[in-house]
Amino acid sequence: MTTQAPALTRQRVDTGHRLSFLREVRGEWIKLATLRSTWWSIAITAVLTVGIAVLIAQAIDAPGFEPIQAVVMPIQFTMLLAGILGAISVTGEYSTGMIRSTLTANPRRGSALLAKALVVALFLFVSSVVVFSAAALAVSAIVSSRHQSIDWSDPSLSILPILVSSLAMAVFALIGVAFGFLLRSGAGAIAATVGLLFVLPIVATFFTMAGEAWAWVIDASAYLPVAAAQSAILPEGAALDEPVAYLTLGAWTVAGLLAAWVVLRTRDA
């Protein structure tokens with residue numbers, strides 16, 4: 001007489017810990033905050049922003065120059081740090097293989113992309129507000145000796161440029177995130193980000209001496225991310241109207257993340 005072993009049944013254990021979007025965001029924050037490169041990038045951004053702002057405030061004492069201009073002008077340099085930070089926040093996962101764990105834990109790839117983009121953008125925005133505010137305090141101390149000050153009673157000459165500059169830093173970081181997912185290579189994503197944010201605007205300036213036949217290149221360059229950000233930060237006399245500048249920044253962000261989402265859905269990790 002033989003006995004049969006009881007059949008093993010597969011049971012699903014409910015631990016009560018389902019992966020919600022908030023948990024995804026928390027996981028992305030842990031990954032970003034535990035990277036030393038994140039804090040080094042913010043530290044360098046802070047030093048450059050405050051240092052360059054102080055130098056500009058000391059060097060320029062001309063009629064019509066508002067102190068807030070010295071505060072936000074360093075964004076022309078720190079934009080690269082924001083874009084690179086966004087790129088390496090993605091490509092670092094591909095280089096270590098962590099992206100497989102991320103997508104295994106969260107197979108909804110669009111949700112994973114959105115969580116990372118949200119964390120990176122919010123982190124850059126908040127940290128940039130702090131950095132630009134520190135630069136504003138430093139500039140105020142410099143120009144006070146000339147009986148000048150930042151006009152805090154007028155938001156367009158104080159608070160708004162700081163907030164819009166911080167928003168632009170978040171946009172530059174999201175452009176880096178998009179290139180990170182598109183190229184999956186640290187070097188490639190950084191090169192593409194630097195090319196779009198820094199190289200193309202310089203190339204466009206060469207066409208100012210090329211005559212009317214190439215004037216369209218100058219007109220088109222006003223819609224590059226950095227030029228659009230400058231028009232949004234200080235709209236008076238800018239190349240783009242303020243609403244168009246905001247729409248341009250939004251279009252770059254949406255187009256980049258949509259392209260990243262399509263590639264992430266259709267390509268293996």
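## Second cavity

S41, I42, T45, L81, A82, L85, L124 and M169 line the second largest cavity of this predicted model. Helices α2 (36–59) and α4 each give two or more residues to that lining. By class, the lining has six nonpolar, two polar and no charged residues. Here Ala, Val, Leu, Ile, Met, Phe, Trp, Tyr, Cys and Pro count as nonpolar, Asp, Glu, Lys and Arg as charged, and the others, Gly among them, as polar.

Cavities and pockets are found on a 1 Å grid over the protein atoms alone. A cavity is a set of points where a 1.4 Å probe fits but cannot get out; a pocket is an open set with protein on both sides within 12 Å along at least five of seven lines. Lining residues have an atom within 4 Å of a point. Grid points are joined across faces, edges and corners, and a volume is the space filled by probe spheres set on the points.

## Basis of the model

Residues are numbered from 1 along each chain as its sequence is written, and side-chain values use heavy atoms, with hydrogens and water left out. Local features need pLDDT of at least 70 and side-chain atom pairs count only at pLDDT 80 or more, while totals for chains, interfaces and linings use all residues.

## Overall fold

The chain has 11 helices and zero strands. Helices (H or I, at least four residues) and strands (E, at least two) are DSSP runs, numbered from the N terminus. The C-alpha atoms fill a box of roughly 105 × 45 × 30 Å along the principal axes. Of the 269 residues, 41% count as buried. Buried means under 20% relative accessible area, exposed over 50%, and partly exposed in between (1.4 Å probe, protein chains only).

## Largest cavity

Two cavities reach 30 Å³ or more. The largest cavity holds about 40 Å³. Its lining consists of E28, K31, E93, I99, T102, L103, A112, L113, K116, F181 and L264. Helices α1 (21–33), α5 (98–105) and α6 each give two or more of these residues. The lining divides into six nonpolar, one polar and four charged residues.

## Largest pocket

The largest pocket contains about 390 Å³ of space. It has 21 lining residues, and P201, T205, S221, A227 and Q230 are the closest to its centre. Helices α4 (75–96), α8, α9 (215–221) and α10 (225–233) each supply at least two lining residues. The largest share, six residues, comes from α8. The lining has 15 nonpolar, six polar and no charged residues.

F198, V199, I202, V203 and F206 make a nonpolar surface patch of about 410 Å². V199 is found in α8 (residues 186–206). V199 is partly exposed, at a relative accessible area of 39%. Patch residues have over 30% relative accessible area and no salt bridge; nonpolar side chains (Val, Leu, Ile, Met, Phe, Trp, Tyr) are joined within 5 Å, like charges within 9 Å. A salt bridge is a side-chain nitrogen of Lys or Arg within 4 Å of a carboxyl oxygen of Asp or Glu. Areas come from the Shrake-Rupley method with a 1.4 Å probe; for residues, only the protein chains shown count as cover.

## Positive phi in loops

H147 has phi near 60°, a positive value in a residue other than glycine. H147 sits in the loop between α6 (109–143) and α7 (159–183). H147 is exposed, with a relative accessible area of 78%.

R184 also has a positive phi, near 60°, and is not glycine. R184 lies in the loop between α7 and α8. R184 is partly exposed, at 30% relative accessible area.
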